[in-house]
Amino acid sequence: MSPFTGSAPRTDTWHHLAYAVDAHGVATVTLARPEKLNALTFGAYADLRDLLAELSREKSVRALVLTGEGRGFCSGGDVDEIIGATLGMDTAQLLDFNRMTGQVVRAVREAPFPVIAAVHGVAAGAGAVLALAADFRVADPSARFAFLFTKVGLSGGDMGAAYLLPRVVGLGHATRLLMLGDPVRAPEAERIGLISQLTDEDSADEAALALAHRLAEGPALAYAQTKALLTAELDMPLAAAVEMDAATQALLMNGEDYAEFHAAFTEKRPPKWQGR
């Protein structure tokens with residue numbers, strides 16, 4: 001994401017989600033419609049897309065936690081405000097909407113900082129894909145994932161799910177989850193690799209925040225490049241991947257953090273990472 005901005009000012013208030021950032025550069029984005037199990041609206045999708053773009057340009061955030069208020073993480077698109085509304089749209093409008101939802105997933109994957117989904121309760125439909133797009137999924141035993149798109153008569157390959165899910169859990173599990181849309185509860189989700197860290201009950205937010213602070217204290221540029229390579233190399237042949245690795249390492253070896261590690265090692269002290 002380019003750091004250069006045009007005439008548009010920074011957004012001071014986000015109307016469709018809650019946003020906060022602490023002194024350590026850890027941002028928390030909360031889906032805040034607990035009475036609707038945090039069902040997404042057009043505005044929520046657009047706010048997520050635009051917030052992630054702004055944070056990526058500013059480079060002030062070092063890690064981000066995505067969570068949901070109340071009894072669940074996110075129940076997907078709002079049945080009335082999205083599914084009902086899309087029934088009255090023409091093809092051009094529907095394409096614009098579906099492209100926007102995909103832009104949210106791209107924004108999560110392309111953000112130059114780690115994104116951690118803190119999952120409790122339901123993560124269904126678009127909510128499951130948002131969690132899937134994150135770099136880490138920290139979940140408590142109440143978590144259940146459901147890729148429900150075929151259950152509403154749509155393709156299971158929504159918002160990049162058919163691209164991302166096989167790469168996380170393998171083609172066999174992905175086929176089952178996307179075709180059938182059945183819920184996957186926390187023990188199975190951990191077994192097949194859909195959960196990165198399974199916590200104690202009601203501890204997902206706390207554990208996700210702890211992980212975010214650990215990442216925020218680390219070498220931010222090294223993390224950003226690792227994330228970028230993980231995404232970019234998914235479709236590369238080995239020769240292209242190792243060449244990209246070589247070019248990336250050569251650039252980072254000219255960075256301040258690489259020199260700082262050597263100085264810290266020599267002086268027998270912890271490194272002071274600058275993200276440069």
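Two strands pair if DSSP finds at least two bridges between them. Helices (H or I, at least four residues) and strands (E, at least two) are themselves DSSP runs, numbered from the N terminus. The model is predicted: local features need pLDDT of at least 70 and side-chain atom pairs count only at pLDDT 80 or more, while totals for chains, interfaces and linings use all residues. Residues are numbered from 1 along each chain as its sequence is written, and side-chain values use heavy atoms, with hydrogens and water left out.

**The sheet**

- Strand β1 and strand β2 (residues 26-31) run antiparallel and are joined by 4 bridges.
- Within this pair, A20 has T28 of β2 as its bridge partner.
- These strands belong to an open sheet of 6 strands with mixed pairing, in the order β1-β2-β3-β4-β6-β9.
- The edges are formed by β1 (18-21) and β9 (197-198), each of which pairs on one side only.
- Helix α8 (residues 204-216) packs on the sheet and touches β2, β3 (63-68), β4 (115-119), β6 (136-139) and β9; here contact means heavy atoms within 4.5 Å.
- The direction of α8 makes about 170° with that of β4, where axes are lines fitted to C-alpha atoms, for helices over the stretch in contact, and angles run from 0 to 180 degrees between N-to-C directions.

**Buried positions in helices**

- Helix α4 (residues 126-133) is mostly covered, as 8 of its 8 residues are buried (under 20% relative accessible area; exposed means over 50%, and partly exposed lies in between, with a 1.4 Å probe and protein chains only).
- Among the buried residues of α4 are V129, L130 and L132.
- E260 lies in helix α11 (residues 256-267) and counts as buried at 15% relative accessibility.
- Neighbours within four places in sequence aside, E260 is in contact with R269, P270, P271 and K272.

**Positive phi in loops**

- M159, in the loop between β7 and α5, has a positive phi of about 60° although it is not a glycine.
- M159 is buried, with a relative accessible area of 6%.
- D202, in the loop between β9 and α8, is likewise not a glycine and has a positive phi of about 65°.
- D202 is exposed, with a relative accessible area of 66%.
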